[in-house]
Amino acid sequence: MTTGRTLRIGEAAMGGGLLALGVFIAVETLRTPMSGSLLAGPALFPCLIAAGLVLVGLAVLREAFAGHIAHEGGFELDGPALALTAAGLAVQFLLVEALGWIPAAALLFMAVSRAFGSRRPLVDAALGVGLAVGTYVVFNHALGLNLPLGDVFEWLLAGGKD
């Protein structure tokens with residue numbers, strides 16, 4: 001681990017990668033033809049994400065050039081937490097069409113909560129469902145963007161008819 005004012009290559013690469021990803025998302029979002037405006041249209045969230053990535057990338061680059069040590073003991077990677085988060089993302093990706101946004105997002109929230117150390121699955125489930133319902137309502141009704149309801153719920157709403 002280096003100290004003082006030296007550049008740390010790993011942090012500089014990560015900062016540069018975040019900065020490049022943010023710029024890429026911003027450019028591609030602004031190049032995509034869309035209806036509406038940036039203030040309340042479909043480009044709002046990609047632009048916010050791009051701005052966040054650019055800011056974080058610049059902050060990481062600043063720290064890499066300043067040479068501050070983030071952790072005295074070096075970089076620590078929590079493998080089980082990373083695996084649980086990745087599994088939650090995979091499960092959400094695989095189930096979002098069949099089950100719909102609300103249950104899939106709630107399962108992802110529960111997996112990430114567990115990865116961060118939560119030991120209250122019922123509270124995590126309630127919070128996950130609440131946040132998923134909130135995002136579903138905002139996207140589907142306020143922004144006019146359709147998150148999937150899910151094949152199972154559409155079938156139930158149709159009265160079980162094929």
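**Close-up views of a predicted helical model**

View 1. Thr29 sits in helix α1, where helices (H or I, at least four residues) and strands (E, at least two) are DSSP runs numbered from the N terminus. This is a predicted model: local features need pLDDT of at least 70, side-chain atom pairs count only at pLDDT 80 or more, and totals for chains, interfaces and linings use all residues. Residues are numbered from 1 along each chain as its sequence is written, and side-chain values use heavy atoms, with hydrogens and water left out. Is Thr29 buried or exposed? With a relative accessible area of 10%, Thr29 is buried (buried means under 20% relative accessible area, exposed over 50%, partly exposed in between; 1.4 Å probe, protein chains only). Leaving aside residues up to four places away in sequence, Thr29 touches Met34, Ala43, Pro46 and Cys47; contact means heavy atoms within 4.5 Å.

**View 2. Helix α1 against helix α2.** Helix α1 covers residues 9-31 and packs on α2 at an angle of about 160°, their axes being 7 Å apart. Here the axes are lines fitted to C-alpha atoms, for helices over the stretch in contact, and angles run from 0 to 180 degrees between N-to-C directions. The angle makes α1 roughly antiparallel to α2 (under 35 degrees is roughly parallel, over 145 roughly antiparallel, 65 to 115 roughly perpendicular and the rest oblique). The crossing of α1 with α2 is left-handed, that is, the near helix is turned anticlockwise from the far one by less than a right angle; clockwise would be right-handed. The residues of this contact comprise 19 nonpolar, five polar and two charged, with Ala, Val, Leu, Ile, Met, Phe, Trp, Tyr, Cys and Pro taken as nonpolar, Asp, Glu, Lys and Arg as charged, and the others, Gly among them, as polar.

**View 3. The aromatic pair Phe45 and Phe139.** A search of the whole structure turns up one aromatic pair. The ring centres of Phe45 and Phe139 are 5.1 Å apart and the planes lie at 20°, so this pair is stacked (rings of Phe, Tyr and Trp, the last by its six-membered ring, pair if their centres lie within 6.5 Å; planes under 30 degrees apart are stacked, over 60 edge-to-face and the rest tilted). The pair joins distant parts of the chain, 94 residues apart: Phe45 belongs to helix α2 (residues 44-66) and Phe139 to helix α5 (residues 121-142). Phe45 is partly exposed at 32% relative accessible area, and Phe139, at 22%, is also partly exposed.

**View 4. The setting of the close-ups.** The protein has six helices and zero strands. Buried residues make up 22% of its 162 residues.
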